[in-house]
Amino acid sequence: MEDEKASVRFWAAYGLGNIPETAQNTVPSLQLALEDNSDAVKIAAARALCRMGKTNPSLQILTDNIENKNPLVGMYAISFIEDQEKK
């Protein structure tokens with residue numbers, strides 16, 4: 001979560017979201033990542049937090065990024081929202 005490369009931070013947050021029941025101790029790091037300078041990292045952290053039941057402000061961050069200037073980030077934001085709705 002503290003790597004200098006945004007891509008590493010993204011996949012770290014995404015991976016933590018895949019194991020929400022065992023990653024509860026990472027909530028503080030994920031909450032800090034909601035303010036990352038990379039929008040991709042923000043939405044991966046928001047996804048992870050949502051999967052841990054911490055939807056505020058995570059769902060808002062996902063919603064705010066639907067129309068991100070980077071279409072890939074927007075697509076992931078939509079996908080992550082849909083993922084949350086399936087729960």
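**Exercise 1. Find the rings under the charged end of Arg47.**

Solution. Start with Phe80: the charged end of Arg47 sits over this ring, 5.6 Å from the ring centre. The criterion is CZ of Arg (or NZ of Lys) within 6 Å of the ring centre and within 35 degrees of the ring normal. Next, take Tyr14: the charged end of Arg47 also sits over the Tyr14 ring, 3.9 Å from its centre.

The model is predicted: local features need pLDDT of at least 70, side-chain atom pairs count only at pLDDT 80 or more, and totals for chains, interfaces and linings use all residues. Residues are numbered from 1 along each chain as its sequence is written, and side-chain values use heavy atoms, leaving out hydrogens and water.

**Exercise 2. Classify the ring pairs Phe10–Tyr14 and Trp11–Tyr14.**

Solution. Apply the rule: rings of Phe, Tyr and Trp (its six-membered ring) pair if their centres lie within 6.5 Å; planes under 30 degrees apart are stacked, over 60 edge-to-face, the rest tilted. The count comes to six aromatic pairs. Phe10 and Tyr14 have centres 6.1 Å apart and planes at 20 degrees, so this pair is stacked. Now check burial (buried is under 20% relative accessible area, exposed over 50%, partly exposed in between; 1.4 Å probe, protein chains only). Phe10 is buried at 6%. Tyr14 is partly exposed at 23%. Trp11 and Tyr14 have centres 5.3 Å apart and planes at 70 degrees, so this pair is edge-to-face.

**Exercise 3. Name the aromatic cluster that contains Tyr14.**

Solution. One cluster is formed by Phe10, Trp11, Tyr14, Tyr76 and Phe80.
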